[in-house]
Amino acid sequence: MTHQFVYEALPMRVRFGVNSLATLPEELDQIGLKRVLVLCSPEQEDTGHRVAQALGDRCVGVLPEAVMHVPNEVAQRASDEAARVGADGCVAVGGGSAIGLGKAIALKHGLPIVAVPTTYAGSEMTPVWGLTTDGRKETGKDPRVLPRSVVYDPELTATLPAGMSVTSGINAIAHAVEALYAPDATPIISLMAEEGVRALAAALPAIVANSSDPEARSNALYGSWLCGACLGATTMSLHHKLCHALGGTLNLPHAQTHTVVLPHALAFNQPAAPDATAALSRALGGAADPAERLWQIAGELGAPRTLAELGMKEEDIDRIAEEATSRSYGNPRPITFDDVRGILHAAWAGKPPS
Ligand code: NAD
């Protein structure tokens, strides 16, 4: 094989480790932030206040309003609040929803973000923003929304219920899977992808066995950092297009949808992506068929395996297949409407991937 690629590193600073939340003031000092607004979801208001406490008088407010898919009106309110309190930056603590809200403010006002992720979704490592207006989610890329610093403290993930940890972890694995066969794949990102899958595949069963196991929590967050970096550095294909259509059109839950669809999308792409399949096989303990192994892992860890149980109706399959094939994009294997309909039907019914 001869190598040919273009690689551009994203300018990010990452601090990782137990108790790194305590170093948040130093991170703000690095960037020169003196008046930050803390963003979190209503369910994580306590965590938001914990962060505020760690920041002392550098914090000018806690806004517990982040919700899934960043509705435009929430983004507008949050931007107004940031302006009202004279914030010079935001600290977004939580999953992709809280970080997404920080990105919406960054997009409007250019305020820098420090992210403190508490799920494995990976948004903190990407320059991708999303905004939902009248039920339609628009996404785009802008370097201004890339967090300036990311503080990973595994202790903050200990409260993420085991079930959500599994689906969020498989959501992270999905980024690595598609980075391995991306049109803009590069050797360094492929190494990160393989290691990310390896770390998460080992950590998730340990979390299910004991959700406060510190080593498992650290390994899972480490894996999610790597997988998030893969998402930020490459262009996603079929799997992410399907999940975007399912989430945007039917409002299916993000991490669970990724968990159900991934084995089926991967099974479709595997024959056209031998190097990616070999890397995944190594990361999954020598599994002969990585797609099948991911499907088994989801079953063993009690994760959902049907789109039906997430609320999708069989009659929605054609609509989603149409949406997911309405625009062409890079994918290792050419895709037809019938292919996508078949993948969606298998995922909807919970058949083994084939
Ligand atoms: P989320 O942020 O919506 O979190 C789900 C729920 O879990 C929330 O109620 C949250 O408060 C709670 N939670 C989070 N961490 C917790 C913890 N440690 N303990 C207890 N509860 C906790 O879900 P998500 O899956 O992290 O993110 C999904 C959203 O992020 C979607 O809107 C998706 O489109 C977006 N996303 C964007 C990107 C990107 O690059 N732009 C990447 C991944 C995801």
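Let me start with a pair of helices: helix 8, residues 238-250, packs against helix 9, residues 254-269, at an angle of about 145°, and their axes are 9 Å apart. This is a predicted model, so please hear each value as computed from predicted coordinates. The crossing of these two helices is right-handed. On the helix 8 side the contact is made by Leu238, His239, His240, Leu242, Cys243 and Leu246, and these meet Thr257, His258, Val261, Leu262, Ala265, Phe268 and Asn269 of helix 9. If we sort the residues of that contact by class, there are 8 nonpolar and 5 polar, with no charged residue.

Between these two helices runs a loop, and in that loop we find asparagine 251. Its phi is near 60°, which is a positive value in a residue other than glycine. Most residues other than glycine have a negative phi. Is asparagine 251 buried or exposed? With a relative accessible area of 58%, asparagine 251 is exposed, because the cut-off for that class is over 50%.

A second residue with this backbone feature is valine 70, where phi is near 45°, again positive in a residue other than glycine. Valine 70 lies in the loop between strand 3, residues 59-63, and helix 3, residues 72-84. Here the relative accessibility is 6%, and valine 70 therefore counts as buried, the limit being under 20%.

Let me return to helix 9, where asparagine 269 has its place. Asparagine 269 has a relative accessibility of 0% and so counts as buried. What does asparagine 269 contact, once its neighbours within four places in sequence are left aside? The partners are Glu178, Tyr181, Leu238, Asn331, Pro332 and Arg333. For a sense of distance, the C-alpha atoms of asparagine 269 and valine 93 are separated by 35 Å, and these two residues stand 176 residues apart along the chain.

Now to the other helix pair on my list, which is helix 6, residues 187-209, with helix 10, residues 274-283: they pack at an angle of about 35°, with their axes 8 Å apart. Their crossing is right-handed. Helix 6 contributes Glu194, Val197, Arg198 and Ala201, while helix 10 contributes Ala279, Leu280, Arg282 and Ala283. By class, this contact of helix 6 with helix 10 holds 5 nonpolar and 3 charged residues, and no polar ones.

On the scale of the whole chain, the protein is divided into domain 1, residues 13-157, and domain 2, residues 162-349. Taken over C-alpha atoms, the centres of the two domains are separated by 25 Å. Their contact takes 18 residues from domain 1 and 24 residues from domain 2.

In soluble globular proteins, nonpolar side chains tend to be buried together. The largest nonpolar core in this model has 74 residues, and those with the most contacts inside it are Leu37 and Val177. Helix 5, residues 162-180, supplies the largest share of this core, namely 9 residues.

I will finish with leucine 37, whose contacts, leaving aside neighbours within four places in sequence, are Val60, Gly61, Val62, Leu63, Ala78, Glu81, Ala82, Val85, Ala87, Gly89, Cys90 and Val91.

Methods
Residues numbered from 1 in each chain as written. Predicted model: local features only at pLDDT ≥ 70, side-chain atom pairs only at ≥ 80, totals over all residues. Heavy atoms only, no water. Axes fitted to C-alpha atoms, helices over the stretch in contact; angles between N-to-C directions. Helix = DSSP H or I, 4+ residues; strand = E, 2+ residues; numbered from the N terminus. Left-handed = near helix turned anticlockwise from the far one by under 90°. Contact = heavy atoms within 4.5 Å. Nonpolar A, V, L, I, M, F, W, Y, C, P; charged D, E, K, R; others polar. Core = buried A, V, L, I, M, F, W, Y, C linked by side-chain atoms within 4.5 Å. Buried < 20%, exposed > 50% of the residue type's maximum accessible area, 1.4 Å probe, protein only. Domains from an automatic or database assignment.
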